Amino acid sequence: MKRAIIGLIGTLVLAGCSTVTYGGPGLEPIPGSITYSGQPRTKLTKSPVGSAFPHDFIDQYGQQVEETYIIQPDRSLIIAHRRYKPIRFFGD
């Protein structure tokens, strides 16, 4: 009985770890975002589904922006996180 309970708990833990999905609606693209003009033409075929990567750029107002993208099962990108970095003058 004890082994069955431990096996069931282990199965539930592994089942929760094997699926990676992002259920959020994502953020709207802004000028400078990879997806601003639509999805990129090249598909990210070597990157695993659910993986994330950052993209840094300067927006239309001169602010430095860092966005994090997640690769969806259809190989499209969704913006999962956006952060505006403070403007630094003279290496402060």
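Two strands are taken to pair if DSSP finds at least two bridges between them. The legends below concern a predicted model.

**View 1. Strand 2 and strand 3 are joined by eight bridges.** The two strands run antiparallel. Strand 2 comprises residues 64–71, and strand 3 comprises residues 77–85. Within this pairing, Val 65 stands opposite Tyr 84 of strand 3.

**View 2. Three strands form an open sheet in the order 1-2-3.** The pairing in this sheet is antiparallel. Neighbouring strands are turned against each other by 25 degrees on average, direction ignored.

**View 3. Phe 53 and Tyr 69 form a stacked aromatic pair.** A search of the whole structure finds one aromatic pair. A pair of aromatic rings is described by the distance of the centres and the angle of the planes. For Phe 53 and Tyr 69, the centres lie 5.5 Å apart and the planes are at 20 degrees. The pair counts as stacked because planes under 30 degrees apart fall into that class. Phe 53 belongs to strand 1 (residues 52–58) and Tyr 69 to strand 2, so the pair ties together parts that are 16 residues apart in sequence.

View 4. Phe 53 has a relative accessible area of 24% and is partly exposed. Tyr 69 is buried, with a relative accessible area of 0%. The assignment of Tyr 69 follows from the cut-off for buried residues, which is under 20% relative accessible area.

Conventions:
Residues are numbered from 1 along each chain as its sequence is written. This is a predicted model: local features need pLDDT of at least 70, side-chain atom pairs count only at pLDDT 80 or more; totals for chains, interfaces and linings use all residues. Side-chain values use heavy atoms; hydrogens and water are left out. Rings of Phe, Tyr and Trp (its six-membered ring) pair if their centres lie within 6.5 Å; planes under 30 degrees apart count as stacked, over 60 as edge-to-face and the rest as tilted. Helices (H or I, at least four residues) and strands (E, at least two) are DSSP runs, numbered from the N terminus. Buried means under 20% relative accessible area, exposed over 50%, partly exposed in between (1.4 Å probe, protein chains only). Axes are lines fitted to C-alpha atoms, for helices over the stretch in contact, and angles run from 0 to 180 degrees between N-to-C directions.
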